[in-house]
Amino acid sequence: MTRQAPPPVRRSPPFARSLPRVRWRSYARRAGVLVAVAVAVAVAVAGCVSMPSSGPVGVISATPQGTSAAGDVIEQLPAGPHGAEGPIEIVQGFLTASASYPANASIAREYLLSSVSRGWNPGWSVTVFSKFNPDTETLPPRKGHGGQVATVDVSGSVQSTFNGSGQIVSAGSQGGTAASYSYQFSLTKVGGQWRISKPPPARRLLTVQQFAEFYRSQDLYFTNLPSSPDQPLVPDSVFVPVGTPTTELVTNLVKALLPAAEGDPQSALLQKAAGTFPAGTTFISAAQTGSTAIVNLGGLTRASMTVLEQVSAQLAWTLATPRASPAVVAAVQSVELERNGKPWVPPKTICGIRQPRSAVQNQATYACYNPYPSQPANFSFVSHGQVWSRCGSEASVQHGLVGPVVSVLRPASAAGLQCGGSAPVATKSVTTPASVQVPAIGTPSLAALSPDGQYVAVYSPGNSPNHELSIGPVGSSTKLSPVSGIGSGVTALSWDRNDDLWVAANGDVFIVPVDGQAVPVSPVPAGVTDLSVAPDGIRIAFIVQDGSTSVVDIAAIIHTSPSSQEQRGSPSQALPISLTVQVGPGLVQARSLAWYDADDLIVLAGGSSPALWVVPVDGQASSVSQPAPIGADSITAGGAMNALVAGISSGGGTLAVSTGLEGPWQPLGVPGQNPAYPG
């Protein structure tokens, strides 16, 4: 993905999803480890639940991004009722204890009538409040010899709501009027002590801070559409309670992969954009033997070997963790798919690799389904009218080396555009090949290579009308063709894995097939200045100008059938996208973005001194802010095996590389602008 400085445009506020950051992940690049995770949303809570100071210190199990009941989150255990509390204190104590369900379920049940306690099971459903109103208590007159009763109204502004699978179903709007919610607790006085007789049915009420403390993010993996084997899966996050037993965790995650009523994923973002288990699939049971989760599904008797492989791949990527560690003793590391109780054994060859036939598989079995695979890759950039490329392998950058400069438009050989084709050189090297001239393309300021390295797009402002943007195949006889329908004002280029070019121009978004003309994409927010398609080819991220600042949105690309895909050269045909969702709450003046990994964007944001931010695409708060190189105006990333590359506007355009967000940044001797890894 490549971009350049955009013109000022305006847009209306988008639908927002501003959740606290709750995924605990080490953003460590191999050369220097940086672990920095923080809850970035602080909300003043009036009359809200507070954590009692009494009670012993205990351990709450949590293993984020892993299917495990073990972990290392330590928190103060809440206290049960002591007998002298009034109705409001009982409700507050119950809300505090139930926040950490299931870890402190026994304490929460102490606040309930015994007849109610036995059936109380809130599951994963939760309403998250940004602000509680002061609780109100009502004590009606005592009637006859009946027990004394009371009601307590709990209400406030809702930040977000999650269903029983942990998937977000609603969120407050950015800067708008937050939705309100209220619930009336009924209480009865028994033996001189108040107890709750009517808690919220199958739902918990949490503050933003409690949600950050007691929920963790976990990825579900859906199939790519149109569905075919060996395609990367598409991740989508759900939020699960800390301390959930492994079998319950596995059961709920598998059920979340079942198709909804219309066969779409149970996901606000991926509806109609990604695939679930096949229609008719039913959940029978889940169990754990050692580190293997055994998932028994119905409705797959007639499923093809290809479909069963995809189902097994979804299970392996959703449930299994890559490796065991001391903190993940009980983690699921492998899966076994059963059809009506009978183990399924995959074919001999998976992902083009011959593998031992076994009913037990793990993520390594389905390596080609990785949504963000990484291997050393070349990044392209423009410099003085040329389009260059060089290998950005992190292993080389760690030793002060980088690939030699090669021409994208006239490479000496196809191997020259791949890492390993030539020996690396010192980062300070100023050596470049001879300049090449390609007729009619002008002086490029942006360039982008497709993920498969087969195509290149070049934007040259000031070129003759309707010839500013050109695309074509990469090769020794590269001939680029002008793209009709797009003139000046191009600010970003990004290819998807189907070799379609996505373009931001004058605030609008277009898609360009390699053999067709530009087609407007709708619906998209007004004022898009930068964009980047995820390696899975389904999710797409935008920077959108919002008045005097800019925000980051994501959406899902809804792929049509192959027959309609062939007709997209017509202006009336385009790939629709889902409604955009705002991510990265708190970012100021986002300038440039790229996909950092399967779950996060890296965003260059800020005014005179911009910083690099890791922005989760599930709506959690941004974190790991580090100063960017002075003068940086663009950033690109190519996965775990490649260095970060920053474009710097000062000095007529220079580049710097780093093995991590924290630096150090090494300036490159060859000048350039707008670096971009393939995609």
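Trainee: What makes β39 and β40 a hairpin?

Mentor: This is a predicted model, so we reason from computed values. Strands β39 and β40 have six residues between them. In that turn, G619 has a positive phi of about 95 degrees. The two strands run antiparallel and are joined by three bridges.

Trainee: How do you know that β39 and β40 pair?

Mentor: Pairing needs at least two bridges. Three bridges join β39 to β40, residues 623–627, so the strands count as paired by that cut-off.

Trainee: Why is β39 called largely enclosed?

Mentor: Buried means under 20% relative accessible area. Five of the six residues of β39 (611–616) are buried, so the rest of the structure largely encloses the strand.

Trainee: What makes β13 and β14 a hairpin?

Mentor: Two residues lie between β13 and β14. G290 in the turn has a positive phi of about 65 degrees. The pairing of β13 (282–289) with β14 is antiparallel and runs over seven bridges. T289 has T292 in β14 as its bridge partner.

Trainee: What makes α6 mostly covered?

Mentor: Twelve of its 15 residues are buried. Among them are L308, V311, L315 and W317. The buried residues of α6 pack against several elements, including β11 (215–222), α5 (246–256) and β14 (292–298).

Trainee: Why is α5 called largely enclosed?

Mentor: Eight of its eleven residues are buried, so the rest of the structure largely encloses α5. The buried ones include T246, L249, V250 and A256. Their cover includes β13, β14 and α6.

Trainee: How do you know that α1 is largely enclosed?

Mentor: Ten of the 13 residues of α1 are buried, so the helix is largely enclosed. I90, F94 and L95 are among the buried residues. Helix α1 covers residues 87–99 and reaches 18 Å, close to the 18 Å expected at 1.5 Å a residue.

Trainee: What is the volume of the second largest pocket, and which residues are closest to its centre?

Mentor: The volume is about 1100 Å³. Of the 46 lining residues, Q375, S450, P451, D452 and P678 are closest to the centre. The elements giving two or more residues to this lining are β29 (490–495), β33 (528–533) and β37 (590–595).

Trainee: How do the residues of that lining divide?

Mentor: The lining of the second largest pocket has 25 nonpolar, 17 polar and four charged residues.

Notes: Residues numbered from 1 in each chain as written. Predicted model: local features only at pLDDT ≥ 70, side-chain atom pairs only at ≥ 80, totals over all residues. Heavy atoms only, no water. Buried < 20%, exposed > 50% of the residue type's maximum accessible area, 1.4 Å probe, protein only. Helix = DSSP H or I, 4+ residues; strand = E, 2+ residues; numbered from the N terminus. Contact = heavy atoms within 4.5 Å. 1 Å grid on protein atoms, 1.4 Å probe; cavity = no way out; pocket = protein on both sides within 12 Å on 5 of 7 lines; lining within 4 Å. Points joined across faces, edges and corners; volume = space filled by probe spheres on them. Nonpolar A, V, L, I, M, F, W, Y, C, P; charged D, E, K, R; others polar. Expected span 1.5 Å × (residues − 1).
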